[in-house]
Amino acid sequence: MSTKKKTPEELRSHRWYGVNDLRSFGHRSRTSQMGYSREEYAGKPVIAILNTWSEMNPCHTHFKQRVEEVKRGIWQAGGFPIELPVQTLSEPFQKPTTMLYRNFLAMEAEETLRSYPADGVVLMGGCDKTTPALLMGAISMDLPTIFLPAGPMLNGNWNGVTLGSGSDTWKYWADLRAGKITEQDWQGVEGGIARSPGHCMTMGTASTMTSAAEALGFTLPGFASIPAPDSRHAQMSAKTGMRIVEMVWEDLKPSDIITAGSIDNAVTTCLALSGSTNAIVHMIALARRAGIDLTLNRYDDISRHTPVLANIRPTGSYLMEDFYYAGGLQAMLAELGDLIDGSQKTVNGRTLGENLEGAKIFNDDVIRRRATPLLPNNGLAVLRGNIAPDGAVIKPGAADPKLHVHTGRAVVFKDYNDMAARIDDDALEIDETCVIVLQHAGPVGAPGMPEWGQLPIPKKLLQKGVRDMLRISDARMSGTSYGACVLHVAPESFIGGPFALVQDGDLIELDVPQRKLNVLVSDEELARRKAAWVEPVPRFTRGYGAMHQVHVMQANKGCDFDFLQRDGAGGAASTGSVGEPEIH
């Protein structure tokens, strides 16, 4: 961050608009073609607004209006707004998974900012992968950046029962399969579970990552907790537009905000929220874009001493609307006290600690005190063993405690289609003590590492009242999901990781307190199986998918592309100071 404010001639956009040559003539004349006079943009910061709105993204329905409020703030602060639509990444609709395209949006964000006359950027996201993707691209470009979170939707409701997105979907689907509710009941849940704009109001990936973005310092204080339909969300959008103009003059960039300390703050926040396991993958990718080598071990170390304070589904009882009324993220961060490094810079020019001054908890059942946490620690746990030498993860608080230490017989499905075809077959030899194993569900194998990790419990066991079993995969799981699900097994089975060698009938041992995950088979037998392993046929032969399968890294490295990592975190530098386009 510069100690003195930029002059108009020092603006990046000056190279497009302010130079007296033929190319600048073309830029000015084409801007005139869009109805703007030179007085409206000359010598002013040009602010790119990367908008992930689309008619296929219900979480961002309100972004058509919010972008106008952002523009209003930019105009009021003396900037020139340019809205640039980018890929939407709609979690409910995009197949096979938005995770396949997270890096696509990150690349689009970076290259859009690099190739257009942007002095600063407002990132508009919220639906699961949009937040990390936009931040990854902006961090690599390193222009002044501020994030606008979509905000959670309002609480769901059905027949007087409060519904939470995702979590209650799985719950009532299990009840429907078990014959406990009717088809009419199920349709009632369908009509009441999502009733306003905004992302999931449970502590899914969306709320986890927008909260992490605020803890990192990329949003205005308190913004991530405000429900999408709330008028205060609109007000904060305009203030976001105002602030980014000031940030450009101050030259306050991501590289001034992201440090090892701010990354730790964001990780601590995710853990105190009992946030989505997906956050591990995204936070590692974000950190590595900034040249910070966040590891699974670091995540696990922080987890061991971070209490879970947010009593939010699926680990807890409440929803994000309740969390906001109870004081929101600011109150929870303040309650974390010395577990948060308050000296870290944020986008409003103040430190995180200064932003938390005066924050209060108004309902200490929703936001617990440190003396009475929902869980004392271990919001997430990192496991290792002979089938996951590079790590796997579990959310202990979302699992039946009796399964935290468990040994059971493996029932192996070679891929998703195999599982879908056989899981409800009455002839399947399985009981509640078994371990369901899904292979070929990772970054390369699925493809894209979909949210298949909350593997279904066989119908015949649901009808007996079984609601949790140990399940293991190299897939991810929705943050709104729950159960004893071990995820992100690395290296994945499709590329020949030892997880590929697990067979029906093997005994698998899980020990969460000891952080162990092993198949109880000798090294000699595993070596024999490895020698007989046959490499699968690649999923793609062309296009983006072919690039993805060659360059995507494993879950423990954040699933970013190897050529987009910063020096110090395993790859080549990719920053705004490198590879700027020539203006011809």
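Student: Hi! How much space lies in the second largest pocket?
Tutor: In this predicted model, the second largest pocket holds about 350 Å³ of space.

Student: Thanks! Which residues line the second largest pocket, and which lie nearest its centre?
Tutor: Its lining is made of 14 residues, and Y17, T31, M34, F80 and I82 are the ones nearest the centre.

Student: Which elements supply at least two residues of that lining?
Tutor: Helix 1, helix 2 (22–33) and strand 2 each do. Strand 2 gives the most to the pocket lining, with 4 residues.

Student: Strand 2, then. What does strand 2 run parallel to?
Tutor: Strand 2 (residues 80–85) runs parallel to strand 1 (residues 46–51), and 6 bridges join the two.

Student: Okay, back to Y17. Which residue does Y17 form an aromatic pair with?
Tutor: A search of the whole structure finds 14 aromatic pairs. In one of them Y17 is paired with Y41 in a tilted arrangement, with 4.6 Å from centre to centre and 45 degrees between the planes. This pair links distant parts of the chain, since Y17 sits in helix 1 (residues 14–17) and Y41 in helix 3 (residues 38–41), 24 residues apart.

Student: Are Y17 and Y41 buried or exposed?
Tutor: Both Y17 and Y41 are buried. They also belong to one aromatic cluster together with Y36, W75 and F80.

Student: Nice. What about W158 and Y172, what kind of aromatic pair do they form?
Tutor: W158 and Y172 are edge-to-face, 5.5 Å centre to centre and with 80 degrees between the planes. W158 is in strand 5 (residues 156–158) and Y172 is in helix 7 (residues 167–177), so this pair, too, links distant parts of the chain, 14 residues apart.

Student: Why does W158 count as buried?
Tutor: Because its relative accessible area is 12%, and buried means under 20%. Y172 is buried as well, with a relative accessible area of 8%.

Student: New topic: how many cavities of 30 Å³ or more are there?
Tutor: The count comes to 3. The largest cavity has about 40 Å³ of space. Among the residues lining the largest cavity are I280, D390, H488, A490 and N556.

Student: Which element gives the most to that lining?
Tutor: Strand 8 does, with 4 residues.

Student: You mentioned A490. What is the peptide bond from A490 to P491 like?
Tutor: The bond from A490 to P491 is cis, with omega near -5 degrees. P491 lies in the loop between strand 12 (485–486) and strand 13 (507–511). Another cis peptide bond runs from A446 to P447, with omega near 5 degrees.

Student: Where is P447?
Tutor: P447 is in the loop between strand 10 (435–438) and helix 19 (459–462). M449 is also placed in the loop between strand 10 and helix 19. Phi of M449 is near 60 degrees, a positive value in a residue other than glycine.

Student: Last one: is M449 buried or exposed?
Tutor: M449 counts as buried, at 1% relative accessibility.

Methods: Residues are numbered from 1 along each chain as its sequence is written. This is a predicted model: local features need pLDDT of at least 70, side-chain atom pairs count only at pLDDT 80 or more; totals for chains, interfaces and linings use all residues. Side-chain values use heavy atoms; hydrogens and water are left out. Two strands pair if DSSP finds at least two bridges between them. Rings of Phe, Tyr and Trp (its six-membered ring) pair if their centres lie within 6.5 Å; planes under 30 degrees apart count as stacked, over 60 as edge-to-face and the rest as tilted. Buried means under 20% relative accessible area, exposed over 50%, partly exposed in between (1.4 Å probe, protein chains only). On a 1 Å grid over the protein atoms alone, a cavity is a set of points where a 1.4 Å probe fits but cannot get out, and a pocket is an open set with protein on both sides within 12 Å along at least five of seven lines; lining residues have an atom within 4 Å of a point. Grid points are joined across faces, edges and corners, and a volume is the space filled by probe spheres set on the points.
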